[in-house]
Amino acid sequence: MKDFQKGKMVPVPSNSIIPERDIEERPVLECLHLGVDFGGLKAVDDFNLTVGKTEIAGLIGPNGAGKTTIFNLLTKVYTPTRGTIILDGMDTSGKNTVQINKMGIARTFQNIRLFSNLTVEENIKVGLHNQVKYLTPTGIFRLPSYWKKEKEFHERAMELLSIFDMENMSDWQAGSLPYGAQRRLEIVRALATNPKLLLLDEPAAGMNPNETAELMENIVKIRDTFKVAVLLIEHDMNLVMGICEGICVLNFGQIIAKGTAQEIQSNPAVIEAYLGHKKED
């Protein structure tokens, strides 16, 4: 498997680490004592995480650890019971899901959520339309400014599709795409909203090793091309250890370890969380 160059990680005051190249930049994400309760259950408790401006970060843990709950908190699908989420220096308190997307967070899902009956290009335009406001007459009467913007959207959609060499699929119905292509399209649609932070929820799920290796290259390419941070949830440890610079490990809604890939792989608490207690002979 290809060896990806990762940045040196350095400490920051929030008791986290970020890539050295981002040290002069404001972190794209800061979670401070984040938590959410469902009834009497603390689903997530005292979650603290800092993600650098161009970092590829990983959020891992056993099934049921609370990883997707974190994504739902970041995107305001769930309202935090306590704590603060700061996106590029702005407190996200009181914002809804649409406002969070416009502030700069985009995500994909464990279960693919495309508009299956629309074309590939139309799916991307859904994301692009999030960035523009038409005056009502402009859209209704198809004024010249409308067609000018539509032309820009088409060119931008084709540019985004080129990341995954999918330009020739622009007219295909999204629901007819092979599984791996649907996964890629969902990432492209998220990128169409022009995010500062891209959340990928198990992007390699269902992919074969060759597809996963290609995905790793493309995630790095996306980070480098768009200067965007990536936070991903993934069970494929080859992918996580291969491209993630900082890794946060969650278990039962709490952080049990944070560090580089090398540090995480040798952490006893992480090994125990994944493999259980070692039996005595």
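By class, which residues does the lining of the largest cavity have? The model is a predicted one, and in it the lining of the largest cavity has four nonpolar, one polar and two charged residues. The residues concerned are F4, Q5, K6, I56, V220, R223 and I243. About 30 Å³ of space lies in this cavity, and the structure holds one cavity of 30 Å³ or more.

**The largest pocket**

The largest pocket has a volume of about 470 Å³. Its lining consists of 19 residues, and those nearest the pocket centre are N101, R107, F109, R189 and T193. Sorted by class, the lining of the largest pocket comprises nine nonpolar, six polar and four charged residues. At least two lining residues come from each of α2 (97-103), β8 (105-107), α3 and α6. The biggest share is that of α2, which gives four residues to the pocket lining.

**Helix packing**

| Helix pair | Axes come within | Crossing angle |
|---|---|---|
| α3 (residues 120-129) and α6 (residues 179-191) | 7 Å | roughly 30° |
| α6 and α7 (residues 209-226) | 12 Å | roughly 10° |

In the pair of α3 and α6, the crossing is right-handed. From α3, the residues V120, N123, I124 and G127 meet L185, V188 and R189 of α6. Four of the residues in this contact of α3 with α6 are nonpolar, two are polar and one is charged.

On the α6 side, G180, I187 and L191 take part, and they meet E211, L215, I222 and F226 in α7. The residues of this contact of α6 with α7 divide into five nonpolar, one polar and one charged.

What do α3 and α6 each supply to the lining of the largest pocket? Each supplies at least two residues, and α3 and α6 also pack against each other, with axes that come within 7 Å.

Definitions and conventions: Residues numbered from 1 in each chain as written. Predicted model: local features only at pLDDT ≥ 70, side-chain atom pairs only at ≥ 80, totals over all residues. Heavy atoms only, no water. Axes fitted to C-alpha atoms, helices over the stretch in contact; angles between N-to-C directions. Left-handed = near helix turned anticlockwise from the far one by under 90°. Contact = heavy atoms within 4.5 Å. Nonpolar A, V, L, I, M, F, W, Y, C, P; charged D, E, K, R; others polar. 1 Å grid on protein atoms, 1.4 Å probe; cavity = no way out; pocket = protein on both sides within 12 Å on 5 of 7 lines; lining within 4 Å. Points joined across faces, edges and corners; volume = space filled by probe spheres on them.
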